[in-house]
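Please keep the sequence and the model in view while reading.

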Amino acid sequence: MSDIFSGSDLQTGEYSEALASLIADLNAVVPEARKAISAAADRKAIEQLRVQFLGKKGRITKLNQRLGKLSGEERPVAGKLLNTQRTEITALLEKRTAELEVRELESRIAEEAVDVTLPGIRPARGGLHPVTRVTREIEEIFRSMGFRLESGPEVETEWLNFDALNMPEDHPARDMQDTFYTERGHVLRTHTSPTQLRSMLAAKPPLAVITTGKVYRHDSDATHSPMFHQMEGFLVDEAISMGHLKGVLHEFLRALYGPDVRTRFRPSFFPFTEPSAEVDIWFEARGGWMEVLGCGMIHPAVLRNGGIDPERYSGFAFGLGIDRMTCIKFGIPDLRLLFENDLRFLRQFQG
Ligand code: DAH
């Protein structure tokens with residue numbers, strides 16, 4: 001590295017020993033400062049170097065103090081020289097500081113960088129209960145056939161749950177269902193049939209209505225649960241026959257289970273229908289028939305209780321067990337699995 005000062009600035013061509021030694025010291029200090037500054041690793045090191053070279057007791061400052069020993073002629077020349085070097089060192093410190101700031105920023109950006117290509121953490125997702133899925137499917141099938149959906153209360157009057165459905169107090173059919181009684185005159189509905197009457201009392205025929213919901217009976221084993229789900233449907237208009245009933249139910253069962261579903265219609269008895277029938281479906285998982293549906297032509301007494309003239313109108317009704325239909329659809333061998341809320345079981349139906 002070349003010296004920073006040549007005598008050419010001085011006109012005399014001769015300079016004092018004091019100036020010569022000042023220049024020699026300066027020549028030693030400046031390259032050292034340059035080297036140290038370019039090696040400084042962080043801003044703390046920069047600050048130390050600033051103090052070391054330019055501070056009150058810094059090496060350049062100390063050289064400055066020696067200007068007093070110079071002649072009036074040499075002093076401004078040496079002063080200018082020291083100032084130039086001070087300015088240069090200041091500029092180097094600033095430049096290095098800026099470089100370090102950029103480097104710090106870059107490393108912070110690198111550190112904080114988010115890899116957007118990493119796979120995310122999926123929040124656990126719930127799914128619909130199989131009974132809910134089948135309920136919605138059933139509702140959709142009937143909706144597409146023109147039925148509208150209505151609902152009724154789970155705490156029902158005894159009148160609508162039994163009497164209005166042609167099951168008076170002393171009627172033996174009342175023993176068919178083990179009832180949970182609530183406050184006087186009310187029960188936990190034992191079936192969804194009372195909503196037939198609610199719908200009839202609320203509107204005039206033609207009526208095509210379905211209801212889905214919870215019902216309650218004092219009963220519990222592999223094929224019975226104290227709370228279970230039913231769907232009720234009925235249709236009332238002029239000249240409705242058993243043929244309409246069979247047509248609608250066949251259409252429904254094929255829509256839910258596919259064209260190969262095996263079904264069996266059996267004559268049966270219900271107080272609120274005459275004639276009555278039951279439908280069984282072949283349940284592969286248990287290797288047997290499973291009763292899922294009761295149906296029939298609505299009894300004239302029931303129509304009358306619903307404010308409908310049985311001379312002019314006729315209708316059919318049907319009630320089915322959604323839980324059993326769910327078991328058949330998915331091959332679930334035990335009804336109780338549906339009510340245990342075991343996630344290992346339920347996760348199989350997430351869709
Ligand atoms: N309510 C009956 C039950 O829970 C099912 C039923 C049978 C409903 C025949 C009907 C029907 O609408 O016509 O066992």
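## Terms and basis

A salt bridge is taken here as a side-chain nitrogen of Lys or Arg within 4 Å of a carboxyl oxygen of Asp or Glu. The model is predicted, with local features requiring pLDDT of at least 70 and side-chain atom pairs counted only at pLDDT 80 or more, whereas totals for chains, interfaces and linings use all residues. Residues are numbered from 1 along each chain as its sequence is written, and side-chain values use heavy atoms, with hydrogens and water left out.

In the salt bridge between D280 and R266, the N to O distance is 2.7 Å. Because D280 belongs to strand β7 (residues 273-283) and R266 to strand β6 (residues 263-270), the pair ties together parts that are 14 residues apart in sequence; helices (H or I, at least four residues) and strands (E, at least two) are DSSP runs, numbered from the N terminus.

D280 is buried, with a relative accessible area of 3%, while R266 is partly exposed at 26%. For these terms, buried means under 20% relative accessible area, exposed means over 50%, and partly exposed lies in between, using a 1.4 Å probe and protein chains only. Both residues also belong to a network of salt bridges that links R264, R266, E278 and D280.

## Other charged pairs

Side chains of opposite charge can pair when their charged atoms come close. Across the whole structure, a search finds 17 salt bridges. One of them joins R50 to E47, with the closest N and O atoms 3.0 Å apart, and both residues sit in helix α2 (residues 43-54), three residues apart, which is about one turn of the helix. R50 is partly exposed at 37% relative accessibility, and E47 is likewise partly exposed, at 39%.

R336 forms a salt bridge with D334, where the closest N and O atoms are 3.1 Å apart. R336 counts as partly exposed at 36% relative accessibility, and D334 is partly exposed with a relative accessible area of 21%.

## Cysteines

The structure holds zero disulfides, a disulfide being a pair of cysteine sulfur atoms within 2.5 Å. C295 is buried, with a relative accessible area of 1%, and C327 is buried at 2%.

## Domain layout

The protein chain is divided into domain 1 (17-111) and domain 2 (130-349), with bounds that come from an automatic or database domain assignment. The C-alpha centres of domain 1 and domain 2 lie 96 Å apart in this model.
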